[in-house]
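This briefing is for a reader who is new to the structure shown below. Please look at the sequence and the model before reading the points.

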Amino acid sequence: MYAWLWRHLPGGRRARLAQLAAAAVLLLLVCFVWVFPAISTLSERNGATVGSAPSSTEGTVP
């Protein structure tokens with residue numbers, strides 16, 4: 001895939017690198033602005049945290 005992109009982009013080495021960097025930044029921007037917020041509504045969040053203290057001392061070894 002990367003070789004195909006490299007062959008089909010116009011310009012020299014610096015221009016190709018700049019175009020690929022701009023495309024990567026644009027892809028990240030699209031993901032963070034539109035894609036991730038859209039799919040976050042589909043995930044369940046129950047508010048659980050890792051490492052929270054147990055609410056009772058039953059079943060614990062002293």
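The points below go from the whole chain to single residues.

This is a predicted model, in which local features need pLDDT of at least 70 and side-chain atom pairs count only at pLDDT 80 or more, while totals for chains, interfaces and linings use all residues. Residues are numbered from 1 along each chain as its sequence is written, and side-chain values use heavy atoms, with hydrogens and water left out.

**Whole chain**

- The protein chain contains 2 helices and 0 strands; helices (H or I, at least four residues) and strands (E, at least two) are DSSP runs numbered from the N terminus.
- Of its 62 residues, 5% count as buried, where buried means under 20% relative accessible area, exposed over 50% and partly exposed in between (1.4 Å probe, protein chains only).
- Areas come from the Shrake-Rupley method with a 1.4 Å probe, and for residues only the protein chains shown count as cover.

**Nonpolar surface patch**

- Leu-26, Leu-28, Leu-29, Val-30, Phe-32, Val-33, Trp-34, Val-35, Phe-36, Ile-39 and Leu-42 make up a nonpolar surface patch, with about 1,100 Å² of accessible area together.
- Patch residues have over 30% relative accessible area and no salt bridge; like charges are joined within 9 Å, and nonpolar side chains (Val, Leu, Ile, Met, Phe, Trp, Tyr) within 5 Å. A salt bridge is a side-chain nitrogen of Lys or Arg within 4 Å of a carboxyl oxygen of Asp or Glu.
- Leu-42 lies in the segment after helix 2 (13-40), and Leu-42 counts as exposed because its relative accessibility is 70%.

**Aromatic pair**

- The count is 1 aromatic pair. Phe-32 and Phe-36 form this edge-to-face pair, at 5.1 Å centre to centre and 85 degrees between the planes.
- Rings of Phe, Tyr and Trp (its six-membered ring) pair if their centres lie within 6.5 Å; planes under 30 degrees apart are stacked, over 60 edge-to-face, and the rest tilted.
- Phe-32 and Phe-36 are 4 residues apart in helix 2, so about one helical turn separates them.
- Phe-32 is exposed at 55% relative accessible area, whereas Phe-36 is partly exposed at 37%.

**Arg-16**

- Arg-16 belongs to helix 2.
- Not counting residues up to four places away in sequence, Arg-16 touches Trp-6, Arg-7, Leu-9, Pro-10 and Gly-11, contact meaning heavy atoms within 4.5 Å.
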